[in-house]
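Please have a look at the model first.

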Amino acid sequence: MASVIFAPPSPSQTHVSLRLRRFYTAEQPRLALSTRTCVRCNLVEPLKHENGKPCIPLINSELSIPNFLTSPSMRSSINKHDNRLRIFSGTANPTLSQEIACYMGLELGKIKIKRFADGEIYVQLQESVRGCDVYLVQPTCPPANENLMELLIMIDACRRASAKNITAVIPYFGYARADRKTQGRESIAAKLVANLITEAGANRVLACDLHSGQSMGYFDIPVDHVHGQPVILDYLASKTICSDDLVVVSPDVGGVARARAFAKKLSDAPLAIVDKRRHAHNVAEVMNLIGDVKGKVAVMVDDMIDTAGTIAKGAALLHQEGAREVYACSTHAVFSPPAIERLSSGLFQEVIITNTIPITEKNYFPQLTVLSVANLLGETIWRVHDDCSVSSIFQ
């Protein structure tokens, strides 16, 4: 299962443009490039596009790629048949890896990954990568330790197979929250993990929505940091919400910069901040609200949803302050218990996430909408491979 394609707006509602381009999800291959042709991938038949039930639609060759994912230099430089580019998938999120490969018009590389009886991980590449530009797609999502170790062994296998360049594509970077010392005698696990990836032999990291920008500095190798905001923003732009009714809410003070950037792209929507006090990990207590949400449609923005304690208590406060509807938007859906119960309790009109972390069927609920970041990551991989600008995607 991969991505939900949202239903079209109701004709009974008035649509107000939020000055955003439409971002098509992974059912659409990389088109509108004069030097390349469309490729149809063999995917499963699509299910009904119902909210809360992700599916993989067939590629629609009639659609065109949005302008912000193309550039004049890309149209003339990309060679889809470049056999020096290889993509391999770990076991953490194979569906996303397949979507990325389909977008790029490539096949996933053949790799053998298995566990021994004692839990040890075995990795063997089933094809030559000598002199190749290799991209390993593996989020370090739960179980974080298993998936991290698998990524390290995949990197080591590529290095020993004489790959020219090895890029670790990490849609979700685990341990990113341990990025500083807030108390005495704490570890900075984000730096430790960065060292492990570097020492394993990676030449570059491609990460999506790191918990904090400072984590890029923990790596002694280049890091391409992409944001999942364009995917969520373009989905919100398709909603029939009047821009005058919108207010973007940061669930904590630490996320103000993220929420402000989000609000700016939603027709400069006003900003509100939930002030909270955290007494322990995964335990949050909401104190008060800074800003006006009365009669408004509140869009709460965060980089990840773990136990959903912070965002659920923030939503309850917004309803108390008179918010008409509350939407939750997040790139990474960790969904540790009891997140599903909190998110499906009726506090949210819709919970919008991306597929950087795979969502199991047992975690579906009616308000859930899953958007794919495959196009975004696939475009970034092409640009890294062809030495083109990555930041221009977001400008």
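This is a predicted model: local features need pLDDT of at least 70, side-chain atom pairs count only at pLDDT 80 or more; totals for chains, interfaces and linings use all residues.

Residues are numbered from 1 along each chain as its sequence is written, and side-chain values use heavy atoms, with hydrogens and water left out.

Here is the chain as a whole. Helices (H or I, at least four residues) and strands (E, at least two) are DSSP runs, numbered from the N terminus. Buried means under 20% relative accessible area with a 1.4 Å probe, counting protein chains only. A contact is a pair with heavy atoms within 4.5 Å, and areas come from the Shrake-Rupley method with a 1.4 Å probe.

| Property of the protein chain | Value |
|---|---|
| Helices and strands | 9 helices, 14 strands |
| Buried residues | 55% of 395 residues |
| Contacts with a separation of 6 or more that join residues 24 or more positions apart | 69% |
| Accessible surface | about 17400 Å², 49% from carbon and sulfur atoms |

Now the inside. A nonpolar core is a set of buried Ala, Val, Leu, Ile, Met, Phe, Trp, Tyr and Cys residues joined through side-chain atoms within 4.5 Å. The largest holds 40 residues, and I100, M104 and F262 touch the most other members. Beyond its neighbours within four places in sequence, I100 contacts I87, V137, A374, L377, G378 and I381. A separate core has 35 residues, including V129 and Y218.

Finally, helix α7 covers residues 309-320. Just after α7, G322 has a positive phi of about 100°.

Technical notes. Buried means under 20% relative accessible area, exposed over 50%, partly exposed in between (1.4 Å probe, protein chains only). The expected span of a helix is 1.5 Å times one less than its number of residues.
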